[in-house]
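The points are numbered and can be read in any order.

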Amino acid sequence: MSLRSPLGAALGHGSARSGPAHGWNQRLSALALVPLGLWFLCALLALPDLGHATVVAWIATPTTAVLLLLFALLSLWHSLLGVATIVEDYVHGPVVKTASLLALQAAHGVAALCVIVAVIAILGGSAR
Amino acid sequence: MTVNPRPLSPHLQVYRFFPAMAVSILHRASGVFLSLASLLLVYWLLAVANGPDAYAAASQILASLPGRLVIAAAVIAFWYHLLAGLRHLLLDAGIGFDLPVARRIGFAVVALAVLAAAATLAAAWRYLDWS
């Protein structure tokens, strides 16, 4: 039996039954980003220099490419979940709130696409 | 903006300041900053993929004084957000709610973040000529 009134359901009031996934995803990505972030920092600092040839050679190894994609894409996902929470907390107008959330989703989607294409291009050797 | 006449729950102004509050809000602030800084990573990766000329142009921007300052701030935000995030994961697990413990974890997060950021920036010092 549901305690939700039909009017409340029609208006979208109350729980949408999809709440826990957001927080759970945020924490899971956070956990994964701890080793991935430390790896990224250490790997960058371990490079002999930041010249183009060095960086391309580094990213063009499959292991680096996979870890870098994981790090960048999980970062963007974690970022989207985080800033969406902040918008939901502090932006109250329904129009502004929805528009902000959509804009943030679009920006993160474009950024993720850029990361994927860039890493594939570097892997494929077109960056040389 | 329409004024909502319904009563509000007590907010920040009624609470005595507690260090954990600063640790918590700085977690959000550093997260927002890292979201913006992730654009730098995307820009840098695109520059690498676009070839040596694009990379040289991007390097010039990133190695400029403002570029260095933003990267240094991102390193500080990275360490702070990572350590404060671990604190939040502990809190989610129900650990660290006793006031003395909360205070100690809060100070530890700030101190470790400062030390780790300093160590990282010191290690990155040799990249100063960015070549």
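This is a predicted model: local features need pLDDT of at least 70, side-chain atom pairs count only at pLDDT 80 or more; totals for chains, interfaces and linings use all residues.

**Notes on helix packing, core and chain contact**

1. H1(B) and H4(B) cross with a left-handed sense. On the H1(B) side the contact uses Pro19(B), Ala20(B) and Val23(B). H4(B) contributes Ala102(B), Arg103(B), Gly106(B), Phe107(B), Val109(B) and Val110(B). By class, the residues of this contact are seven nonpolar, one polar and one charged.

2. H1(B) also packs against chain A. The axes of H5(A) and H1(B) come within 8 Å and cross at roughly 30°. Because angles under 35 degrees count as roughly parallel, H5(A) and H1(B) are placed in that class. The crossing of H5(A) past H1(B) is left-handed. From H5(A), the residues in the contact are Ala111(A), Cys114(A), Val115(A), Ala118(A), Val119(A), Ala121(A) and Ile122(A). From H1(B), they are Ser38(B), Leu39(B), Val42(B), Leu45(B), Leu46(B), Val48(B) and Ala49(B). The residues of this contact divide into 13 nonpolar, one polar and no charged.

3. A further pairing involves H4(A). Which way is the crossing of H4(A) and H1(B), left-handed or right-handed? The crossing is left-handed. These two helices pack at an angle of about 140°, their axes being 10 Å apart. H4(A) is thus oblique to H1(B), since an angle has to be over 145 to count as roughly antiparallel. In H4(A) the residues that meet H1(B) are Ala72(A), Ser75(A), Leu76(A), Ser79(A), Gly82(A), Val83(A) and Ile86(A). Their partners in H1(B) are Arg28(B), Gly31(B), Val32(B), Leu34(B), Ser35(B), Ser38(B) and Leu41(B). The contact of H4(A) with H1(B) has seven nonpolar, six polar and one charged residues.

4. The contact between the chains can also be taken as a whole. In total, 27 residues of chain B are in contact with 29 residues of chain A. On the chain B side, the elements that give two or more residues are H1, H2, helix H3 (65-92) and helix H4 (99-123). Which of them gives the largest share? H1(B) does, with 13 residues. The chain B side divides into 18 nonpolar, seven polar and two charged residues.

5. Next, the nonpolar cores. The largest nonpolar core has 23 residues, and the members that touch the most others are Ala118(A), Val119(A), Ile122(A), Leu45(B) and Val48(B). Two or more residues come from each of helix H3 (52-59), helix H4 (62-90) and helix H5 (94-124) of chain A, and from helix H1 (19-49) and helix H2 (52-62) of chain B. H4(A) supplies the largest share, six residues. Apart from this core lies another, of 13 residues, including Ala77(B), Leu82(B), Leu83(B) and Ala113(B).

6. Val48(B) deserves a separate look. Leaving aside neighbours within four places in sequence, Val48(B) is in contact with His52(A), Val55(A), Val56(A), Ile59(A), Ala118(A), Ile122(A), Ala127(A) and Tyr55(B).

7. His22(A) and Thr85(A) are 63 residues apart in sequence, with their C-alpha atoms 9.1 Å apart in space.

8. Thr64(A) belongs to helix H4 of chain A. With 18 other C-beta atoms within 10 Å, Thr64(A) is partly exposed. Not counting residues up to four places away in sequence, Thr64(A) touches Trp58(A) and Ile59(A). The C-alpha atoms of Thr64(A) and Leu81(A) are separated by 25 Å, and the two residues are 17 apart along the chain.

9. His88(B) is found in helix H3 of chain B. His88(B) is partly exposed, with 18 other C-beta atoms within 10 Å. From His88(B) to His27(B) the C-alpha to C-alpha distance is 9.3 Å, and the two are 61 residues apart in sequence.

Methods
Residues are numbered from 1 along each chain as its sequence is written. Chains are lettered from A and ligands numbered from 1 in the order in which they are written. A nonpolar core is a set of buried Ala, Val, Leu, Ile, Met, Phe, Trp, Tyr and Cys residues joined through C-beta atoms within 7 Å. A residue is buried if 20 or more other C-beta atoms lie within 10 Å of its own, exposed if 12 or fewer, and partly exposed in between; C-beta atoms are placed from the backbone. Helices (H or I, at least four residues) and strands (E, at least two) are DSSP runs, numbered from the N terminus. Two residues are in contact if their C-beta atoms, placed from the backbone, lie within 7 Å. Axes are lines fitted to C-alpha atoms, for helices over the stretch in contact, and angles run from 0 to 180 degrees between N-to-C directions. Angles under 35 degrees count as roughly parallel, over 145 as roughly antiparallel, 65 to 115 as roughly perpendicular and the rest as oblique. A crossing is left-handed if the near helix is turned anticlockwise from the far one by less than a right angle, and right-handed if clockwise. Ala, Val, Leu, Ile, Met, Phe, Trp, Tyr, Cys and Pro count as nonpolar, Asp, Glu, Lys and Arg as charged, and the others, Gly among them, as polar.
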